Amino acid sequence: MTTTSDLKSRMPNPLQFLPDMAGIAEGLHNTLRNGPIPQTTISLLQLRAGQLLGSTYFTIRETGNLRKAGESEERITAVATWRDATYFTDAERVALELVEAVLTPNPSGERVPDELYARASAHYDDKALWSLIMAIAHIGFFTPAALIAKPIPGMPPGRNYSE
């Protein structure tokens with residue numbers, strides 16, 4: 001069995017090459033941390049994003065965040081099948097549906113149709129909806145690094161790249 005200490009990233013820490021990224025990343029993290037959306041909801045939608053993107057890094061990170069927040073294993077596991085799972089609130093469901101809509105191509109039409117937007121805005125005011133959008137954008141911002149550079153799953157930021 002491979003342990004975290006055996007894993008290597010494909011690339012070294014990007015901050016040694018692009019130090020200004022630290023401020024950008026911290027700004028994104030602070031925006032989400034200080035916003036009106038519960039951290040649990042953000043982690044649920046980011047876990048779903050990690051699953052959809054096939055990112056072990058995101059999936060392990062958000063599973064760990066949810067466990068630290070005291071979420072049950074049933075809720076964490078059911079994120080993959082949220083549509084028929086009974087563990088989620090209506091507001092969480094619409095957040096999960098939004099992230100799926102944004103990350104999944106829809107050959108028959110618009111990814112986020114007016115009907116989905118209307119359901120989202122019924123649960124979230126403008127500030128909260130923008131926070132949800134930024135939670136999805138946060139994943140989008142870091143997706144290329146997660147998929148190309150492959151940071152080490154389970155390691156905290158700053159220690160998740162091989163030197």
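This is a predicted model: local features need pLDDT of at least 70, side-chain atom pairs count only at pLDDT 80 or more; totals for chains, interfaces and linings use all residues.
User: How do α5 and α7 pack, and at what angle?
Analyst: Helix α5, residues 90-103, packs with α7 at an angle of about 50°, and their axes are 10 Å apart. That angle makes α5 oblique to α7.

User: Is the crossing left-handed or right-handed?
Analyst: α5 and α7 cross in a right-handed way.

User: Ok, which residues make the contact?
Analyst: From α5 you have Ala 95, Leu 98, Val 99 and Val 102, and from α7 Leu 129, Leu 132 and Ile 136. By class, that contact of α5 with α7 has seven nonpolar residues, with no polar and no charged ones.

User: New topic. How many aromatic pairs are there in the whole structure?
Analyst: The search finds two. Tyr 57 and Phe 58 form a tilted one, 6.0 Å centre to centre with 55° between the planes.

User: Are Tyr 57 and Phe 58 buried or exposed?
Analyst: Both Tyr 57 and Phe 58 are buried.

User: And why is the pair of Phe 141 and Phe 142 edge-to-face?
Analyst: The planes of Phe 141 and Phe 142 are at 85°, so the pair counts as edge-to-face, since the cut-off for that is over 60 degrees. Their ring centres are 4.8 Å apart. Phe 142 is buried at 17% relative accessibility, while Phe 141 is partly exposed at 38%.

User: Last one: where is Lys 150?
Analyst: Lys 150 is in the segment after α7, which covers 126-149. Its phi is near 50°, a positive value in a residue other than glycine. Lys 150 is partly exposed, with a relative accessible area of 40%.

Technical notes: Residues are numbered from 1 along each chain as its sequence is written. Side-chain values use heavy atoms; hydrogens and water are left out. Helices (H or I, at least four residues) and strands (E, at least two) are DSSP runs, numbered from the N terminus. Buried means under 20% relative accessible area, exposed over 50%, partly exposed in between (1.4 Å probe, protein chains only). Rings of Phe, Tyr and Trp (its six-membered ring) pair if their centres lie within 6.5 Å; planes under 30 degrees apart count as stacked, over 60 as edge-to-face and the rest as tilted. Axes are lines fitted to C-alpha atoms, for helices over the stretch in contact, and angles run from 0 to 180 degrees between N-to-C directions. Angles under 35 degrees count as roughly parallel, over 145 as roughly antiparallel, 65 to 115 as roughly perpendicular and the rest as oblique. A crossing is left-handed if the near helix is turned anticlockwise from the far one by less than a right angle, and right-handed if clockwise. Contact means heavy atoms within 4.5 Å. Ala, Val, Leu, Ile, Met, Phe, Trp, Tyr, Cys and Pro count as nonpolar, Asp, Glu, Lys and Arg as charged, and the others, Gly among them, as polar.
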